[in-house]
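Here is a short briefing on one protein chain. Keep the sequence and the 3D view open while you read.

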Amino acid sequence: MRRITRFATVGVASAALALSATACGNTSSSDAASDSKEKSVAIAYDIGGRGDQSFNDAAYAGLAKAEKDLKIKGNDAEPSDGEADADKIQRLTELARSGNNPVIGVGFAYAPAIKKVAPKFPKTTFGIIDDSSVTGDNIANMVFNEEQGSYLAGVAAAKATKSKTVGFIGGVETPLIKKFEAGYAQGVKDTDPSVKVLSQYLTQPPNFEGFSKPDLGKAAAQGQLDKKADVIYAAAGLAGSGSIEAVSTAGAGKWSIGVDSDQYAQAGLAQYKDSILTSATKDVSDAVYNLIKSVADGKPQSGEIRYGLDKEGVGLTDTNPAYVKMTEVTAAVDKAKQEIIDGKITVKTTP
């Protein structure tokens, strides 16, 4: 797998700008590389990049599976620190011009870039995760009911807490992350109204460091632990690993709830896994794989592709044996899951 680093991206992006200027927006010129016989696909990572043990790594897992199962060359590109939309436009342009199909933007931050780039490459399928605002015949919007998985996390937290205080840490206060908060808080309150929910966001837009700075997550978690929280759910990308670290060193009886990936099973978090009760997952891996396969099969997906509890696109993991032994907790989670699927519980998307 070819990986475009933060440094290499700058170089290839500059080249892409030069080529774009020469092409003057000519569609057939833009699609020339897409006609290449060699099949290749690419993903462009969100803030935090590969190695976040969460969102980006889930996308990478889907790419790696496609590369192995479909015998397709995979490329992945890293973001730059503090980058602007122009940087994303350059990155996607280079990936598409190089013949990758599909090209997938990992995260809602790629919406403005895909809106600009996709029309210039009509033969290339563009995927975007966590956004449905930008549409087109060659755009696939892979979105999730994060609030549903987060509701189950709230049920588990309310059942597992001994202090009657639990925490939520959001990386950046955006509408997407507020879905995580809303579902979690509702799940807690529906299960036990006496449990207090502490909520905190690490940064506000346009500062997105709350998704990439573990120290911010660690400090926030420590603050909530000091306020007697004994279960903390962090939806904060790479910063969430700092929260997990803080909880793991706080002593027995303190639990983290992971996010996006099964964080109990992440090698990079192995030293903290005994304190990771469960994880609220979203099947980004399968979403990426399914889009790549659809293009390979000649039937590219487009439009909104939604993953919820009913399709097991979101859920709660049971890989930690300690969680499995908490039968009262797991029974409550299973009951809530079925009631959401049956429409008996409607989960809020805003706090």
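The chain holds twelve helices and 13 strands. The model is predicted.

**Whole chain**

- The chain has 351 residues, and 55% of them count as buried.
- Take the contacts in the chain with a separation of 6 or more: 71% of them join residues 24 or more positions apart.

**Helix 3 and helix 10**

- Two packed helices are described by the angle between their axes and the distance between the axes.
- Helix 3 spans residues 55–69, and helix 10 spans residues 284–296.
- Their axes come within 7 Å. They cross at roughly 40 degrees.
- Roughly parallel would need an angle under 35 degrees, and roughly perpendicular would need 65 to 115. Helix 3 and helix 10 are therefore oblique to each other.
- The crossing of helix 3 and helix 10 is right-handed.
- Helix 3 brings Phe-55, Ala-58, Ala-59, Ala-61, Gly-62, Leu-63, Lys-65, Ala-66 and Asp-69 to the contact.
- Helix 10 brings Val-284, Ser-285, Val-288, Tyr-289 and Ile-292.
- Ten residues of this contact are nonpolar, two are polar and two are charged.

**Gln-266**

- Gln-266 sits in the loop between strand 10 (255–260) and strand 11 (276–282).
- Is Gln-266 buried or exposed? Its relative accessible area is 18%. Buried means under 20%, so Gln-266 counts as buried.
- Leaving out residues up to four places away in sequence, Gln-266 touches Gln-53, Asp-57 and Ser-261.
- Gln-266 and Ser-54 are 212 residues apart in sequence. In space they are 8.4 Å apart, C-alpha to C-alpha.

**Ala-322**

- Ala-322 lies in helix 11, which covers residues 321–325.
- The relative accessible area of Ala-322 is 28%. Buried means under 20% and exposed means over 50%, so Ala-322 is partly exposed.
- Which distance separates Ala-322 and Asp-274 in space? It is 8.2 Å, C-alpha to C-alpha. In sequence, Ala-322 and Asp-274 are 48 residues apart.

Key
Residues numbered from 1 in each chain as written. Predicted model: local features only at pLDDT ≥ 70, side-chain atom pairs only at ≥ 80, totals over all residues. Heavy atoms only, no water. Helix = DSSP H or I, 4+ residues; strand = E, 2+ residues; numbered from the N terminus. Buried < 20%, exposed > 50% of the residue type's maximum accessible area, 1.4 Å probe, protein only. Contact = heavy atoms within 4.5 Å. Axes fitted to C-alpha atoms, helices over the stretch in contact; angles between N-to-C directions. Parallel < 35°, antiparallel > 145°, perpendicular 65-115°, else oblique. Left-handed = near helix turned anticlockwise from the far one by under 90°. Nonpolar A, V, L, I, M, F, W, Y, C, P; charged D, E, K, R; others polar.
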